[in-house]
Amino acid sequence: MNIKVVIDKKSGVCGGVKRAIKMIEKQIGLEPSRDIYVNGELLHNRLEMERLIDCGLKVEEDVDRIKDNILFIRTHGVGKETQNLARKNKNRIIDATCPKVSNSQKIIEEYYSKGYQIIIVGKYYHPEVQGLLGYCNNEGVVVSSERYIGTIDFAKKSLIIAQTTVSTERFDEMVNMISPRMKDLKIVNTICPFVEKREKELIEFAKNHSVIIFIGGTNSSNTKVMFEKFSKFNPRSYLIENRTEIDFKWFRDGDIVGVSGSASTPAWQIEEVKKVIEGHFS
Ligand code: SF4
């Protein structure tokens, strides 16, 4: 069977994740007397996490259990309470919060201090949202759909802001529902431009290839949002977590297969998938 495999040149991890991985790699081995902990998965990518764990990184979601070591704050950020707890437990903090998330935290803190109700468009249990809530004394309202609108106090002056990885459509939809009912609403679109740009690029990539193999963590909201969007433009799109999930029945003679990945899929995994498909049909 004659198959051509093409890598999406624009794929690869986003700036925030790249920065965090570099910070970890730089720290490993520097202070042998202290362990390096991260407060949850650094990125939603099992293979890359396994690689970092092999290099010495430890994962502990309960920050109170980390004592006299190093706490590496992942890109999603954490609330102030968590940072204070880590300091109380004599940990050194290395803050790898993505600068875009830090920006949202600052905006929330500023408006909360001015008496604004904070409305976050996103998923309540997403770690970034949990961290953001820590900048408004956990008093923010999180809305992911019309169902949650009832939790908003429409009489209050309010700030509406986005989890960095929500889709533009979802944010606009929520703003359009809420704004006509509010007298004083400050709207700040904090959706990560990388995510928006990648969505558009992926749609083009999907249109121009016969089959799309998209690599990303199934527990990553960013992966799901991206896949849902571009797969509408190519019904032969498949989401996999790693090369073992490839089903060679997906391919037909003459196909031009596009291989791409989410914001947390490193280039080496994309290369690996390309090689596996080419190796099978060679
Ligand atoms: S997707 Fe955007 S906001 Fe999230 S870590 Fe990457 S660069 Fe930062």
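In this predicted model, the shell around the ligand divides into 8 nonpolar, 5 polar and 1 charged residues. The shell numbers 14 residues in total, and Cys14, Gly16, Cys98, Thr164 and Cys192 come nearest to the ligand. Three helices each supply at least two residues of this shell: α1 (15-27), α4 (99-113) and α7 (193-207). Helix α1 gives the most, with 3 residues.

The protein chain is divided into three domains. The C-alpha centres of domain 2 and domain 3 lie 27 Å apart. Contact between these two domains involves 11 residues of domain 2 and 10 residues of domain 3. On the domain 2 side, helix α3 (residues 80-88) gives the most, with 3 residues. By class, that side of domain 2 has 8 polar, 2 charged and 1 nonpolar residues.

An open sheet is formed by 4 strands. Their order is β3-β2-β4-β5, and the pairing is parallel. Strands β3 (57-59) and β5 (92-95) are the edges, each pairing on one side only. Neighbouring strands of this sheet are turned by 30° against each other on average, direction ignored. Within the sheet, strand β2 (residues 36-38) is joined to β3 by 3 bridges. These two strands run parallel. Tyr37 stands opposite Lys58 of β3. In a regular strand, side chains alternate between the two faces of the sheet.

Strand β12 (residues 256-261) has bridges to both β1 and β10. Strand β1 (residues 4-7) runs parallel to β12 and is joined to it by 4 bridges. Here Ile7 has Val259 of β12 as its bridge partner. Strand β10 (residues 211-215) also runs parallel to β12, through 5 bridges. In this pairing, the bridge partner of Phe214 is Ser260 in β12. Of the 6 residues of β12, 5 are buried, so the strand is largely enclosed by the rest of the structure.

How values were computed. Residues numbered from 1 in each chain as written. Predicted model: local features only at pLDDT ≥ 70, side-chain atom pairs only at ≥ 80, totals over all residues. Pairing = 2+ DSSP bridges. Axes fitted to C-alpha atoms, helices over the stretch in contact; angles between N-to-C directions. Near = placed C-beta within 6 Å. Nonpolar A, V, L, I, M, F, W, Y, C, P; charged D, E, K, R; others polar. Buried ≥ 20, exposed ≤ 12 C-beta atoms within 10 Å, placed from the backbone. Domains from an automatic or database assignment. Contact = placed C-beta atoms within 7 Å.
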